[in-house]
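Here is a short report on one protein model. Look over the sequence and the structure first, then read on.

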Amino acid sequence: MINREIIGGRCLIQQGLKQKDFLDSQRLQDRGRLWATERMDSWWVRLLPTVLRRRFEGRIAAQRVMTNAFWLSSDHVYRLSISVVVNVWMARYLGPQQFGQLSFATAFAALFSGLSTLGLDNVIVRDLARAPHTKELTLGSAWLIKFVGSGAAFILAITVISWIRPDDPLSFWLVFLFASVFMFQSVDVIDMWFRSSLKSRLSVLPKMIAITAGALGKSGLILAGAPLIAFAWMGPAEAVVGSVALLGVFMWLGGELKAWRVHFGRVRTLLKDSFPLALSAMVIILYMRIDQVLLGEMLNDEAVGMYTVATKISEVFYFIPSAFVMSLVPALVQARESDGANYLARVEEMFSIVAIGAILIAVPISVFANPLIQFVFGPNFASAAPVLQIHIWALVFASLGVASGQYLLLEGLNSILLQRTALGAAVNIMLNVLWIPRYGIVGAAWASLIAYGIATCFLFQNVVSRRCLNLMVRSLFYPRMLAVLWR
């Protein structure tokens, strides 16, 4: 009996010592976490007002998402700012007719760009975020798919333009040069690796170098009074500079292209996962650019020029939802695997944020469309103002479409992406054919807006897609939008 009490006392003492050691260890870990948090807070957190700073301090995951979105946004803001300035200068220099010819060739080549990307970008980011240790296999297989797809897109583009405009050599060479850019897009798999690890800042510099070189080249051509075909040459030149710079950053960081491995089983898996997305991407490009192609065929190149200057202003802002949603992918993947309720709350917040941003942009642009067009492009393009007033509201549906598309991708409902974009494309083509002869470029703008809306809201297929539609509708309620904006 005494021995049992002694042994029991020893056990209690040992348990007490273990508990004390555990508590001391826990305190040290807590201090370590606190120290690490203080040291790991992003630089921009210290610049925020006190109220906002307290909301971000210690939230390393949220800071990483915001930092990555900042770099993606900075890249797009810089590229689009330079592009807008140069395009405005080009439009003023070339005039509606020649600028319309250039825009028609760009839009026509873009119709085939979905074949060059094959919808792989989101799949690559998802797979690299889930299994970063297999990056060599994923990058090598994805590069091969993109390279083959780019070659097929190039051949198809120049074949079709030769068929529909056999007596227009200028259009053929313009499309030839713009389609040749596809051949350099396979290198973009490196950018997908940076995005998956929330290191988009590493791919920002190469893109900035390329867009700067292209802008300087186009500016020089304008000052030199160059012909129209010279501006088309800047497309492949800019692509070469960007690809070389991206490869340089990758190799400077220790990356080895020879370590990439092509595995045909992995190729089949990537193609299987991306096939609905590839078709969806092709359909998206179709109903984003088909209006310009139809305007060129049913009216004239001058109408294409008028329509393009309006859509270029509205499409400047399309990068915002894409940058934010792409930065949220790793966090959404983790939330989905760990906590279903938190995951759905994050998805709803994502819908609210992109919708708020789109509305805050669309309202002032729509109100001041007429003076904006005349101030930026000059009085020769005044007819584009009504198009801008209508087309800018497509940003709301485009933003929600990007966000809901990412949710469907995470849920494995890739086929629904294809269904709704195919419906949107069919509606856009049908309305353009009916309204362009009657209403001209304004009819094309209304056709695009209605098509975007129908495609975004077509989510009635199953329980998960209806849940997505429900979350999207709930996120648009005014009190919820305010609550999300405050958080």
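## A nonpolar surface patch

Ile359, Val363, Val367, Phe368 and Trp393 make up a nonpolar patch on the surface. Together these residues have about 440 Å² of accessible area. Patches are built from residues with over 30% relative accessible area and no salt bridge; nonpolar side chains (Val, Leu, Ile, Met, Phe, Trp, Tyr) are joined within 5 Å, like charges within 9 Å. Accessible areas come from the Shrake-Rupley method with a 1.4 Å probe, and for residues only the protein chains shown count as cover.

Val363 sits in helix 14 (residues 340-367). Helices are DSSP runs of H or I with at least four residues, strands are runs of E with at least two, and both are numbered from the N terminus. Val363 has 40% relative accessibility, so it counts as partly exposed. The scale is this: buried is under 20% relative accessible area, exposed is over 50%, and partly exposed lies in between (1.4 Å probe, protein chains only).

## Basis of the model

This is a predicted model: local features need pLDDT of at least 70, side-chain atom pairs count only at pLDDT 80 or more, and totals for chains, interfaces and linings use all residues. Residues are numbered from 1 along each chain as its sequence is written, and side-chain values use heavy atoms, with hydrogens and water left out.

## Overall makeup

The protein has 21 helices and zero strands. Of its 487 residues, 49% are buried. The protein exposes about 23400 Å². Carbon and sulfur atoms supply 67% of that area.

Contact means heavy atoms within 4.5 Å. Among contacts with a separation of 6 or more, 79% are between residues 24 or more positions apart.

Helix 15 covers residues 369-377. Its buried residues are Ala369, Ile373, Val376 and Phe377. Seen down the helix axis, these fall within an arc of 80°, so they line one face of helix 15. The arc is taken from the directions from the helix axis to the C-beta atoms.

Helix 17 (residues 394-410) has 17 residues, which should span 24 Å at 1.5 Å a residue. The expected span is 1.5 Å times one less than the number of residues. The end C-alpha atoms of helix 17 are 24 Å apart, which agrees. Helix 17 is mostly covered, with 15 of its 17 residues buried. Gly412 follows helix 17, and its phi is positive, near 75°.

Side chains of opposite charge can pair when their charged atoms come close. A salt bridge here is a side-chain nitrogen of Lys or Arg within 4 Å of a carboxyl oxygen of Asp or Glu. The structure holds three salt bridges. One joins Asp168 and Arg165, at 3.4 Å from N to O. Asp168 is partly exposed at 22% relative accessibility, whereas Arg165 is buried at 14%.

Arg165 also forms a salt bridge with Glu297, with the closest N and O atoms 3.1 Å apart. Arg165 lies in the loop between helix 6 (135-164) and helix 7 (169-179), and Glu297 lies in helix 11 (residues 264-298), so the pair ties together parts that are 132 residues apart in sequence. Glu297 is partly exposed, at 41% relative accessibility. A salt bridge also links Arg165 to Asp301, where the closest N and O atoms are 3.9 Å apart. Asp301 is in helix 12 (residues 301-315), so this pair ties together parts that are 136 residues apart in sequence. Asp301 is buried, with a relative accessible area of 12%. Salt bridges with shared partners join Arg165, Asp168, Glu297 and Asp301 into one network.

Gly265 lies in helix 11. It is buried, at 17% relative accessibility. Gly265 and Ser141 are 124 residues apart in sequence, yet 9.1 Å apart in space, C-alpha to C-alpha.

Asn432 lies in helix 18 (residues 414-439). It is buried, at 0% relative accessibility. Asn432 and Leu295 are 137 residues apart in sequence and 8.6 Å apart in space, C-alpha to C-alpha. Which residues does Asn432 contact, leaving aside its neighbours within four places in sequence? They are Asp291, Leu294, Pro437, Ala444 and Ala447.
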